[in-house]
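Reader: Hi! I'm new to this one, could you walk me through it?

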Amino acid sequence: MKLNEKHGAAAGAAGRPERADWTIDQGWEQYSAEEHGVWKTLFERQCKLLPGRACDEFVRGMSELTMDAHQIPDFRRLSDLLMKRTGWQVVAVPGLVPDEVFFEHLANRRFPAGQFIRKPEQLDYLEEPDVFHDVFGHVPMLVNPVIADYIQAYGVGGLRAQQLGVLPQLARVYWYTVEFGLVQQREGLRLYGAGIASSFTESVFCLDDPSPNRIGFELERVMRTRYRIDDFQESYFVLDNLEQLLELADIDFAPLYERVSRQSELVPGDVLPGDRVITRGTGTYHRAKQQSQER
Ligand code: HBI
Ligand code: FE
């Protein structure tokens with residue numbers, strides 16, 4: 001776990017967290033000038049890129065939070081603001097936490113955000129969610145009541161899916177909505193997923209590149225579709241509007257899991273005859289990548 005040492009260990013020698021819920025103090029006063037500088041670089045880059053790419057709700061959330069370009073936000077202030085809007089808080093964690101810990105937080109309207117920030121040499125890619133991904137990417141959407149309720153429902157659903165042994169299917173819904181979702185708006189296709197909104201390269205790729213498929217969101221279809229964690233997505237799923245997520249929050253997933261488990265899994269690049277295809281991707285990007293790896 002890439003924990004910034006001066007903030008003290010969250011996990012002891014045996015890898016056990018000090019607190020059962022894995023939270024740590026953000027230790028805001030201890031961020032260095034270099035760390036605030038990484039935030040500033042990332043923040044300014046994304047702010048230039050996102051108008052006209054991020055959905056209206058994301059842009060509105062950003063402006064309501066009045067996040068500072070120059071500094072990593074203080075979670076205490078962020079939580080005060082969010083609490084007034086949608087009853088959410090932001091709590092600090094060292095990085096990825098176990099699934100059930102993650103779900104328990106979400107079910108209680110606490111968003112676990114990575115305390116650390118990536119190094120200057122990792123601006124475009126890192127594996128674990130850091131404060132830029134979690135705060136810049138996720139928190140603006142938590143200002144929106146629909147997303148606020150939907151993410152809480154995912155926490156509740158996650159705990160249940162774990163018991164049913166169908167977590168991979170539910171995780172795909174989260175992945176293709178909260179992390180990598182696109183939405184159709186009046187002016188055109190827009191992004192709302194945090195994994196895209198916090199990525200300089202993918203926020204362009206997902207909308208402008210001819211390579212990926214863009215397919216109308218369909219719940220069962222998405223539950224069957226595996227995803228890539230190490231590269232751009234081969235397919236993005238597009239909502240007609242964000243309110244569609246609320247319908248998802250109300251659905252009884254149990255019969256769905258049952259049906260989905262009897263169908264074959266799909267690989268990320270598959271396009272099916274029944275798909276509502278918005279853009280049929282050329283697949284060029286991932287094909288080229290695969291060929292260079294085979295060489
Ligand atoms: N922990 N901090 C953190 N952030 C996540 O997004 C996260 C996690 N633990 C588990 C997890 N996500 C997922 O794999 C679940 O959504 C299935
Ligand atoms: Fe995330």
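Author: Happy to; let's chat about confidence, a few backbone angles and one arginine.

Reader: Great. What is the mean pLDDT of the protein?

Author: This is a predicted model, and its mean pLDDT is 92. For 95% of the residues, the value reaches 70 or more.

Reader: And where does pLDDT stay under 50?

Author: That happens over residues 1-14. The model has 34 contacts beyond four places in sequence for that stretch.

Reader: Okay, backbone next. What is the phi of Trp22?

Author: Trp22 has a positive phi of about 70 degrees, and it is not a glycine. Most residues other than glycine have a negative phi.

Reader: Where does Trp22 lie, and is it buried or exposed?

Author: Trp22 sits in the segment before α1 (33-49). Its relative accessible area is 14%, so Trp22 is buried.

Reader: What about the phi of Arg109?

Author: Arg109, also not a glycine, has a positive phi of about 55 degrees. You'll find Arg109 in the loop between α4 (99-107) and β2 (110-114). With a relative accessible area of 17%, Arg109 is buried.

Reader: Switching topic: is Arg76 buried or exposed?

Author: Arg76 counts as exposed because its relative accessibility is 51%, and the cut-off for exposed is over 50%. Arg76 belongs to helix α3 (residues 75-86).

Reader: Which residues does Arg76 touch, leaving out those up to four places away in sequence?

Author: Trp28 and Glu29. The side chains of Arg76 and Glu29 are joined by a polar contact of 3.1 Å.

Notes: Residues are numbered from 1 along each chain as its sequence is written. Chains are lettered from A and ligands numbered from 1 in the order in which they are written. This is a predicted model: local features need pLDDT of at least 70, side-chain atom pairs count only at pLDDT 80 or more; totals for chains, interfaces and linings use all residues. Side-chain values use heavy atoms; hydrogens and water are left out. pLDDT is the predictor's confidence in each residue, from 0 to 100. Contact means heavy atoms within 4.5 Å. Helices (H or I, at least four residues) and strands (E, at least two) are DSSP runs, numbered from the N terminus. Buried means under 20% relative accessible area, exposed over 50%, partly exposed in between (1.4 Å probe, protein chains only). A polar contact is a pair of N or O atoms within 3.5 Å; within protein, one must be able to donate a hydrogen and the other to accept it, and residues adjacent in sequence count only if both atoms are side-chain atoms.
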